[in-house]
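Thanks for asking me to look over this model with you.

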Amino acid sequence: WKNTDAFLRGVDLSWTYMILEELKLSQKGSFLLANQGSNYLVNMPSNRIEHMIDYKWQRMKLDFYVSYLYVAKQNRYDEEVEILAPPDAYGLLAAGINKKIEVGNKLNANFGLRVNNILNTTYRDYLNRFRFYADEMGRDIRLSLEIKF
């Protein structure tokens, strides 16, 4: 390996807007440009943006959320270095619910259910080396229990 002069610039942005006391809308995005002279650097993440809406039902101590992640196709790559062209853009829908459980003053727990890739979208991520051979994981359902003591 050899060091090289490279120029990386980018920005991570996020904002949150409280529509109501219980309802919030948020967005975050990452945008990156990396090059060495007139050539683009390989293995740089694609631009992405995520939208999320979150509803907190205070009386029941429940938190519902839905998010949508859009990942753009990586168009800034060096054709002479890449084995295959980067995969297409994709969007992933996710949703979840969290329930806060309090037992006395000493024990707090959070129970969660999250479903990633609800629409079972077939996609390949540019940074995953397995993209040359296989698609990413499909729908993913996760149960979690977090206990704080």
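1. Where does Ala-6 lie? Ala-6 sits in the segment before β1 (7-18); strands are DSSP runs of E with at least two residues, numbered from the N terminus. Before going further, please keep in mind that this is a predicted model, in which local features need pLDDT of at least 70 and side-chain atom pairs count only at pLDDT 80 or more, while totals for chains, interfaces and linings use all residues. Residues are numbered from 1 along each chain as its sequence is written, and side-chain values use heavy atoms, with hydrogens and water left out.

2. Staying with Ala-6, this residue counts as partly exposed because its relative accessibility is 41%; that class lies between buried, under 20% relative accessible area, and exposed, over 50%, with a 1.4 Å probe and protein chains only. Ala-6 touches Asn-35 and Leu-41, leaving aside residues up to four places away in sequence (contact means heavy atoms within 4.5 Å). Lys-28 is 22 residues from Ala-6 in sequence, and their C-alpha atoms are 26 Å apart in space.

3. What joins β1 to β2? A hairpin does, through 4 residues. β1 and β2 (residues 23-36) pair in the antiparallel sense over 12 bridges, where pairing requires DSSP to find at least two bridges between the strands. Thr-16 has Ser-26 in β2 as its bridge partner.

4. On to the pockets. The largest pocket has a volume of about 230 Å³. A pocket here is an open set of points on a 1 Å grid over the protein atoms alone, where a 1.4 Å probe fits, with protein on both sides within 12 Å along at least five of seven lines; lining residues have an atom within 4 Å of a point. The volume is the space filled by probe spheres set on the points, which are joined across faces, edges and corners.

5. Of the 16 residues lining the largest pocket, Leu-92, Asn-116, Asn-117, Tyr-123 and Asp-140 lie nearest its centre. β5 (62-71), β6 (90-103), β7 (107-116) and β8 (140-148) each supply at least two lining residues. By class, this lining has 7 nonpolar, 4 polar and 5 charged residues; Ala, Val, Leu, Ile, Met, Phe, Trp, Tyr, Cys and Pro count as nonpolar, Asp, Glu, Lys and Arg as charged, and the others, Gly among them, as polar.

6. The second largest pocket has a volume of about 170 Å³. Its lining includes Lys-56, Trp-57, Lys-99 and Lys-100. β6 gives the largest share of that lining, 3 residues. The classes are 2 nonpolar, 3 polar and 5 charged.
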